[in-house]
Amino acid sequence: MASSPGSNASLSREKTILSENCQAKKSQYSEEETFYMNCRAAYLAVFKSSLENIKSKEQLCLVLQQAGRNPSQKTVNQYWTPQTTTLNFDDFCNILKKEKPATKTELLKAFLKVDTNNDGYILHTELYKILTVRGEKMTVEEVNAITKLADVNSNGKLDYNKFCKLYMTTNEQCRKTALEKLEVDSRLRRQQFGSQVETSSERATTPISKPSSRTTRKTDHKPAPKRGDNRTSSRPSSAQSCKESISSTISMGTSSNTNSELIEPNTVKDWQCAQSKGCFFLEQDGEIITHKYKLYLPQRSTVYITIKPLNLSQLEGKTSPWLSVDTALYVLKENESQENLQLVSFTEARNKEMFMWKGELGSGIYWLIPFTTGCRLKKIKKQITGEAKLVYRDEDGELALTKEFKAALSDIFEMIDLDGNGLLSLEEYNFFELRTSGEKCDEEAWTVCKENFDTKKNELTRQGFMDLNLMEANDREGDPSDLWVTLLSLGYNKALEMTEACPFVIDIYAEKCKPRIKAVYLEAGSRQLNRAICKSVVNKGDAKVLDSDESIIVYTYKSDTRITSVTENKSENKVVIHVNNEQSKNCVNNRGLNIFAVEVAPKSMMVCQHVMPLKEQEEWIYNCVHSLVP
């Protein structure tokens, strides 16, 4: 049957659209591949393996320079804080995403600002004065290194146009040299991206040195928090072929708000209860910090444990984005020591935004470790039109807090008042201080605080907390900079919206005794949590063997709300697993990439990914291919 001209034209348009969509996808993945290949090339120009960690500020500076960045000391300090001990390859990649390489135009603009004659030259005497006195001071030796470059200096003057060209050329040469080395060395080519294992190998090669342009770069980032070194990679694989693979497909209906497997006990209102609040905080590098708790049970009892996002009072018209964040609580029994924790269970049943577990616990000490997948609590690129006003001067010229800032502070007070008694104890206030300043308030300082601000039962009231922040504004004569440091560290953006934090509340009900819960740490995901997640997936998930020796096993756990995959490596050698989610529908994972690779150390297991529905009201299909890379 002949088709009409109209139908042919329609078919042609559909093919064109399909081709353009495919081309756009290829371009997207090509960009990702190129970025991570350049990251890897720069890293392996300094270290022997992508498993080796950055162990000093000097190494961080060196590897950033190898990647075409020329960070100032201020920039390096933002990523290497006093609390930092190591950074891994994932951290390095995240830094490169934020620290873009300087362009020639940016360099020239910086030099034009100090070129008083506008003739393209700067006198060496003026250059020494600028670089060794102003801003971030360079040493005389560093400036000498610039002025002695024959190609860009003559008659006591720097030709900064030629210098910028030389700088860009040297950057490109560094990049090409590293990529060529990666291509030639097949051993390096087989190494993949990031992992949990730290090796003791030393630096491999000395990168090409390049002229400095530190005075031309300025950054304005939030201070970088302490980083863990136990995260796994989320990088696309550069391997062109895979030996063996398995495919897992799970079709999921619309996510139900209720799981009928667990119903709240009818008599729970008569049980004794303990409650504590807490919060997930999203870090600059995507890591999630949270409170960790100890639960004390004086005798054996049936317990009912719940965790859910905390619904704070919000200004009219403002949304609470954290209410959609998934939460879970892992229960671990403490035996002989904190290092020897045994997984008991986790909150698996669901009722709307609440997750629950009911069971019998013996007397003793338990650890409660909150968890969120990171699928929904992640960095959001949102255009902020204007910065919210925090303080103003009243008719008498006195500083006062704006209505919007007061509302935010009231929510913050609600969030950090962990026991919910409407007051802040020294212990609760110190969790706030550790998060916002990295320091604790000692007994002497707390006494001064109580003498100057409203307290009740030796604890700070809500009004006292407000006045404390007003005093901080007065100390800076109305400059809100320090107030913004506090707000940003607590997950607020410049529009006073909390987008990078999720406060939550935990309730513990015990039938036969009085439970006690106490927040003991505020830190990133621990080794115990990773081990607990892996064990829960192995216990409850489906297993598939990836290799002929049956030494590589992929476990997939499914609940109504999430899917988690764990890879176990029983062999004596590390393995690289290529993960492809391209065929999944209406899914979002914690890594933010459809294609990535992970390294699994010998005799270990690790979480590959967590996956959730992008839109809960729609069906979602998890289609993942795990492949063993040769």
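The structure is a predicted model, in which local features need pLDDT of at least 70, side-chain atom pairs count only at pLDDT 80 or more, and totals for chains, interfaces and linings use all residues. Residues are numbered from 1 along each chain as its sequence is written, and side-chain values use heavy atoms, with hydrogens and water left out.

**Overall chain**

The chain has 15 helices and 26 strands; helices (H or I, at least four residues) and strands (E, at least two) are DSSP runs, numbered from the N terminus. Of its 630 residues, 51% count as buried, where buried means under 20% relative accessible area, exposed over 50% and partly exposed in between (1.4 Å probe, protein chains only). The accessible surface of the chain is about 31000 Å², and carbon and sulfur atoms contribute 47% of this; such areas come from the Shrake-Rupley method with a 1.4 Å probe, and for residues only the protein chains shown count as cover. Contact means heavy atoms within 4.5 Å. Among contacts between residues at least 6 apart in sequence, 75% join residues at least 24 apart.

**A four-stranded sheet**

Four strands form an open sheet in the order β4-β26-β22-β24, with antiparallel pairing; two strands pair if DSSP finds at least two bridges between them. Its edge strands, β4 (244–252) and β24 (595–600), each pair on one side only. Strand β22 (residues 575–580) is joined to β24 by six bridges, and valine 576 stands opposite glutamate 599 in β24.

Helix α10 (residues 403–416) has 14 residues and spans 20 Å from its first C-alpha to its last, close to the 20 Å expected, a value defined as 1.5 Å times one less than the number of residues. Its buried residues include Phe405, Leu409, Ile412 and Phe413.

Phenylalanine 431 belongs to helix α11 (residues 426–436). Leaving aside residues up to four places away in sequence, phenylalanine 431 touches His291, Leu418, Ala519, Val520, Tyr521 and Leu522. The C-alpha atoms of phenylalanine 431 and histidine 291 are 8.9 Å apart, although 140 residues separate the two along the chain.

**Cysteines and buried side chains**

A search of the whole structure finds zero disulfides, a disulfide being a pair of cysteine sulfur atoms within 2.5 Å. Cysteine 93 is in no disulfide, and the nearest cysteine sulfur, that of cysteine 39, is 3.9 Å away.

| Residue | Class | Relative accessible area |
|---|---|---|
| Cysteine 93 | buried | 0% |
| Cysteine 164 | buried | 0% |
| Phenylalanine 431 | buried | 11% |
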